[in-house]
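Me: I would like to learn how to read the features of a protein model with some care. Could you take me through them one at a time, giving the general idea and then the case at hand?

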Amino acid sequence: MDQAVSVNADPDMASDREGRSSRWRNWTGFWLLGLCNNFAYVVMLSAAHDILKQQGSHNSTSPTPSTVALDVEGGKRSSYDCSPVSTAAVLLADILPTLMIKFSAPFFVHNLPYGFRVLVCVATAIASFLVVSFSSTMWISVLGVIFASVSAGLGELSFLSLTVFFSRDVLGGWGSGTGGAGVAGALLYSGLTQAGLSPRNTLLIMLVVPVAMVISYFFLLVFPPSFPQWKCREVESVRGRDSQSRQPLLDDTDEEEEREKGAEGVFIMSACEDKVTGPLTCIEKLHITKGLLRFVVPLGVVYFAEYFINQGLLELLYFPNFSLSHAEQYRWYQTLYQVGVLVSRSSLCCVKFRRIWALSLLQCVNAVLLLLSVYYQFLPSAWLVFVIVLYEGLLGGAAYVNTFYFISKETGDRQREFAMVAASVGDSLGIAISGLIAFPVHRYFCSL
């Protein structure tokens, strides 16, 4: 057996090379990077609409982008008590720039050093807070939202590919941090504005988040000695044939399961001993992308179903005889969803689930159930919707973190970095398609 140790080995196998302190620093660093990367993305639209409405006067708090669209947009009410502008329109404005980056970046982003990518993410996040804070027109606010979306999209694919240089347990830290961003962003923005701060000052205080990203990346992470911080990475595996053979993503499912059980530890290689063999060719990238479809497609379906629920159906599930108002019900729907995501994205250290297609099937069942409940209005209380939405968040978070864990585990060293970048398009594509479909569905119900 090769005595070299894989840079992406499991924690037990990497313990000889990494001390406990380094592993905890890296796990914590990726947790903070996940939190900081998604933070501006979570709060930006709510803050932008809040500032446009109030123009620096007394604010009306709105913890989620969708709640803003629900409360701020006026107009004729239908029997479903919905606004004429769907929250799906807000969703599309938030996701399309990220989707464009994820579609194009896998084929050129390797030419940008990691240190430079992080600085771009930090700069665009700072720009988003500043632009929206001082915006005076809708177009300026949209520009701020675009900056936030660019920062989140570039950051996600960059930090996911960065995990290949560390032990695989940092994926758990990243997933937990991204899950926590949804809860922390909503609660922090709501708390500061309800405490009396104006939306503008609240966003200016949040400039500490990009600063925290810089500290987490440059000062908290313990990088391998050979890590290409300020230069393009063109280092590939010295054992090309072994690396190629360790690709269950491109083989039959039965072979995948066999290798998952017995092959780990056989193809162990060290990044420090890699040799330059040239970057992946376009044909190789397309071949890897084809092999990733069995993970990316189920992930996309999961996110399509859950965002169809969140942005197309939840604002229509209003219970007038409930103790909470329409806006409060919707706010709790979104909060419980984020709690579910946080819990399941933090679960990688406890349970791993490879069959992402089963999660996508269960999420589609949720979507169909809630669609029928909107049409026939047979659900008796918002309490039942609260439970379903929490469950929905658990499924979505589990699909995300397990997808990238098994892609990292089952892809050869030479292909792993590209595979992590390419697979990141799955959730964004599902979200974008859900927004396109949810918009006419919303208009249909609002016309009844």
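This is a predicted model: local features need pLDDT of at least 70, side-chain atom pairs count only at pLDDT 80 or more; totals for chains, interfaces and linings use all residues.

Me: How many helices and strands does the protein have, and what percentage of its residues is buried?

Reply: Helices (H or I, at least four residues) and strands (E, at least two) are DSSP runs, numbered from the N terminus, and on that basis the protein has 17 helices and 0 strands. A residue is buried under 20% relative accessible area, exposed over 50% and partly exposed in between, with a 1.4 Å probe and protein chains only; buried residues make up 58% of the 448 residues here. The protein exposes about 18,200 Å² (Shrake-Rupley method, 1.4 Å probe), and carbon and sulfur atoms supply 66% of that area. With contact taken as heavy atoms within 4.5 Å, residues 24 or more positions apart account for 84% of the contacts with a separation of 6 or more.

Me: How should I read the packing of helix 12 and helix 14, and at what angle do they pack?

Reply: Axes are lines fitted to C-alpha atoms, for helices over the stretch in contact, and angles run from 0 to 180 degrees between N-to-C directions. Helix 12 (residues 282-313) and helix 14 (residues 356-376) pack at about 20°, with their axes 8 Å apart, which makes helix 12 roughly parallel to helix 14, since angles under 35 degrees count as roughly parallel, over 145 as roughly antiparallel, 65 to 115 as roughly perpendicular and the rest as oblique. The crossing is left-handed, a word used if the near helix is turned anticlockwise from the far one by less than a right angle, with right-handed for clockwise. Among the residues that meet are Phe 295, Pro 298 and Leu 299 in helix 12 and Ile 356, Trp 357 and Leu 359 in helix 14. The residues of this contact divide into 17 nonpolar, 3 polar and 1 charged, where Ala, Val, Leu, Ile, Met, Phe, Trp, Tyr, Cys and Pro count as nonpolar, Asp, Glu, Lys and Arg as charged, and the others, Gly among them, as polar.

Me: Are helix 6 and helix 16 roughly parallel or roughly antiparallel to each other?

Reply: Helix 6 (residues 138-162) and helix 16 (residues 413-423) pack at an angle of about 150°, with their axes 8 Å apart, and are therefore roughly antiparallel to each other. Their contact is made by Leu 157, Leu 160 and Ser 161 of helix 6 and Glu 417, Met 420 and Val 421 of helix 16.

Me: Where does Gln 377 lie, and what is its phi?

Reply: Gln 377 lies in the loop between helix 14 and helix 15 (382-410), and has a positive phi of about 55° although it is not a glycine. At 54% relative accessibility, Gln 377 counts as exposed.

Note on methods. Residues are numbered from 1 along each chain as its sequence is written. Side-chain values use heavy atoms; hydrogens and water are left out.
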